[in-house]
Amino acid sequence: MVDNRYATALVIACVLSILATVYLSVAVGTQHWYQYSSPTVRGEANVSELRSLYEEFMDGEFDEKTYSDTLFRLNGTVGLWWRCVLVPSNAHWYKEPDIKLVLECRSFTLPQQLTPKYKEPGNHNSGEDMVRTYLWRCQFLLPLVSLGLVVLAGLTGFCACLCRSLTPTLGIGVLHLLAGLCTLATVCCYLAGMDLLHRVSMLPEKVDGSLGWSLYLALISSPLHMMAAALLVWAARSHSQNYYRMTAYRVA
């Protein structure tokens, strides 16, 4: 028989876990982790340059300097698996007052995620930047690990419900705690990687960068997982202590 307090804690933990998982899944699948605000296009020469950058971004070979420069100049947004630019919908790229802009995106393939980063972006002779390389790899691996831990915790909880046992609850809480730490580490790796990128690739004049809502979703999911973990650990330990006390009382 489960005390009402423990049942309430378990229900709240489940709700928090579901919310955290949904937030993290949306964050991983969207591209608004970091966004750039670029100045208005002026002059035909500038338009031609930006058009060539865009064409290279969409159809050219994968190169960190090329796609970074395009993101800087075309109001780009970048996430864990996507990079996007905001371009005019018409083919002539005239900068009219009421021109319609559309978001064009390219995905990072798995080989591209594993591509080394260089001390000077675009210059393969400058040597590999180990810090940026591993920060980049961690930022896309850690959220997958976090989601995997939550799935494992959910399967364990489902089996525990079928067996009508609270014994695995402590382990489920630990899995949620590890998931929250992995999500927090993802955000930290991403921010550190972007900061290092901006140090080796200076932003053009009048281009500003800011954090996007996808990153904030991931940041919110981390404490939600940790709160769910705290409730699960409390319920498991409190129920275990009460069980042992009742057993000792009956024996006495």
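Predicted model: local features only at pLDDT ≥ 70, side-chain atom pairs only at ≥ 80, totals over all residues.
User: What is the relative accessible area of Asp195?

Analyst: Residues are numbered from 1 along each chain as its sequence is written, and side-chain values use heavy atoms, with hydrogens and water left out. Buried means under 20% relative accessible area, exposed over 50%, and partly exposed in between (1.4 Å probe, protein chains only). Asp195 therefore counts as partly exposed, its relative accessible area being 37%.

User: Which residue forms a salt bridge with Arg199?

Analyst: A salt bridge puts a side-chain nitrogen of Lys or Arg within 4 Å of a carboxyl oxygen of Asp or Glu. Arg199 is exposed, at 59% relative accessibility. With the closest N and O atoms 3.1 Å apart, the partner of Arg199 is Asp195.

User: How many salt bridges are there by this rule?

Analyst: Side chains of opposite charge can pair when their charged atoms come close. One of the pairs is Asp69 with Lys65, at 3.3 Å from N to O. By this rule the count is four.

User: How many residues apart in helix α3 are Asp69 and Lys65?

Analyst: Helices (H or I, at least four residues) and strands (E, at least two) are DSSP runs, numbered from the N terminus. Asp69 is partly exposed at 25% relative accessibility, and Lys65 is partly exposed at 41%. About one helical turn separates Asp69 and Lys65 in helix α3, because the two are apart by four residues.

User: What is the distance between the closest N and O atoms of Glu64 and Arg132?

Analyst: Glu64 is buried, at 9% relative accessibility, and Arg132 is buried too, at 5%. These two form a salt bridge in which the closest N and O atoms are apart by 2.7 Å.

User: How many residues apart in sequence are the parts that Glu64 and Arg132 tie together?

Analyst: A network of salt bridges links Glu64, Asp129 and Arg132. Glu64 is in helix α3 (residues 64-73) and Arg132 in helix α5 (residues 130-163), so the number of residues separating the parts they tie together is 68.

User: Which residue has a side chain joined to that of His176 by a polar contact?

Analyst: His176 sits in helix α6 (residues 169-200) and is buried, at 5% relative accessibility. A polar contact is a pair of N or O atoms within 3.5 Å; within protein, one must be able to donate a hydrogen and the other to accept it, and residues adjacent in sequence count only if both atoms are side-chain atoms. The side chain of His176 also reaches the backbone oxygen of Ile172 at 3.0 Å. The side-chain polar contact of 2.7 Å joins His176 to Ser17.

User: Which residue stands opposite Arg83 in β3?

Analyst: Strand β2 (residues 77-78) pairs with β3 in the antiparallel sense over two bridges. A hairpin of three residues joins β2 to β3. The residue opposite Arg83 here is Val78.

Notes. Pairing = 2+ DSSP bridges.
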